[in-house]
Amino acid sequence: MIVFASHNIDSQIRANSSSGGIFSALASYILQNRGVVYGAGFDESWNVCHRRISDLNDIIELRGSKYVFSYFKDSLEQVLSDMANNTPVLYSGTPCQVAAIKKIVGDNPLLLCVEVICHGAPPKKYWERYLDEVCSGLNKNKNEITSISFRDKRTGWRTSSFTIIFKDGTIFSQKNSRNPYIKAFLADLTLRKACFSCPFKYPKSLSDITLGDLWGVEKLAPEFDNELGMSLIIARTDKGVNALSSAGIPICKKLDFDKVAMYNQALVRQASMPQKYHQFEIETETSSSLITQMRRFTRLKHSAHIIHLIKKMVKLIIGKR
C-alpha cells in the first residue's frame, strides 16, 4: 500500500474538482486507452445516479462530490457487458458500491475500482425534497438548472459552497458551513442507516485506489497547502499503483497512513448515529418544510455554541505551537 499527496497538473481541472482533480486524471487515462468510466452524475431531473461515459468531453459530468447515495444498480449489468466485450473499466463510487461491483465481476484485470473516502451518504429522498424546496423558494423549475456543485471552490477549498446556476443566470450559493443540507449531512442526521455499520472501513476496503481530500495538509504537507485543493491517494493494489503511474499522476509527497487517518477519520471509522436521528426522520416526514427542520436540528444552543467556540480556539492555539 502506498499513501501519498498529489494533485492534477492542470490547475483549471484542479480548481473545478472537489479536491485535487485526481479522478479526472485517472478517467482521462482510461478513456484514452479505449476504456469506459462509471461514476456518480446527475440525470435529467438532477437526481444522482451512476453514469457510463466513453468520451473525454464527458468527464465533467462525473467530476465533483455529490452528497447523495447514487442509484447504481443499472450500472452493474452494463459493467458485465463491458467485461464481455473486453473493454477496460474504471468504476468509481463509495466503498459499498465498489464492493458490490467486485462481488459480481470478481478480480477481473480489466476492472479498476476507485473508491472515495466516504463519510456516509444520504438517501435520495432528502436530496430530491431539498432541491424542490430551493427551486420553489426561487420560483424556479428544476429544468431551468444548468449546473449544481456541492463543493464550489470559488470561495475556497476549505470554505467551499453549495451552488446552483440557472439558465437565466440566477445563482443560488451558500457557504457549506451555512447550507442546511450540508450541515444536516455533516451532522449525520441524513445518512442512510447502513452507513452507521459500514463494513468496508480500513483495512476491509476492496478498491484498488482510494481518493479523498488531504485534510491536515497544513501539517502533513505544508509545502503544498493552498486553496486549490490537495488529494489524498491510497494505492491499495499493484493494479492501482500501475494505473496511477501510467496516468502520470505525480507523487508530491509520501505519507504515513496512521497520520493521515488522524485528520480523516472516515478512513477508519463509521459515522455514529446521532441521538436525534430518529426524531429528525419522523419530524421531517410530517413537516411541510425539510429545510426548516434541517435548520432547526443543526442549530446550536447558546451553551453548545460557546463550547464549540472554545474547542475551536483550543485547536487553533495547539496548532500554533
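The model is predicted; local features need pLDDT of at least 70, side-chain atom pairs count only at pLDDT 80 or more, and totals for chains, interfaces and linings use all residues. Residues are numbered from 1 along each chain as its sequence is written, and side-chain values use heavy atoms, with hydrogens and water left out.

**Exercise 1.** Determine which residues of helix α11 are buried and what they pack against.

*Solution.* Step 1: helices (H or I, at least four residues) and strands (E, at least two) are DSSP runs, numbered from the N terminus. Buried means under 20% relative accessible area, exposed over 50%, and partly exposed in between (1.4 Å probe, protein chains only).

Step 1: in α11 (residues 277–286), the buried residues are Tyr277, Phe280, Glu281 and Thr284. They lie on the same side of α11, because their arc around the axis is only 100°, taken from the directions from the helix axis to the C-beta atoms.

Step 2: Ile282 and Thr286, on the other side of α11, are exposed. The buried residues pack against α6 (124–137) and α12 (290–298), where contact means heavy atoms within 4.5 Å.

**Exercise 2.** Classify the ring pairs Trp127 with Tyr130 and Phe162 with Phe172.

*Solution.* Step 1: rings of Phe, Tyr and Trp (its six-membered ring) pair if their centres lie within 6.5 Å; planes under 30 degrees apart count as stacked, over 60 as edge-to-face and the rest as tilted. A search of the whole structure finds 19 aromatic pairs.

Step 1: for Trp127 and Tyr130, the centres are 6.3 Å apart and the planes stand at 35°, so this pair is tilted. Three residues apart in helix α6, Trp127 and Tyr130 are separated by about one helical turn, and both are buried.

Step 2: for Phe162 and Phe172, the centres are 6.4 Å apart and the planes stand at 75°, so this pair is edge-to-face. Phe162 belongs to strand β7 (residues 161–166) and Phe172 to strand β8 (residues 171–175); both are buried.
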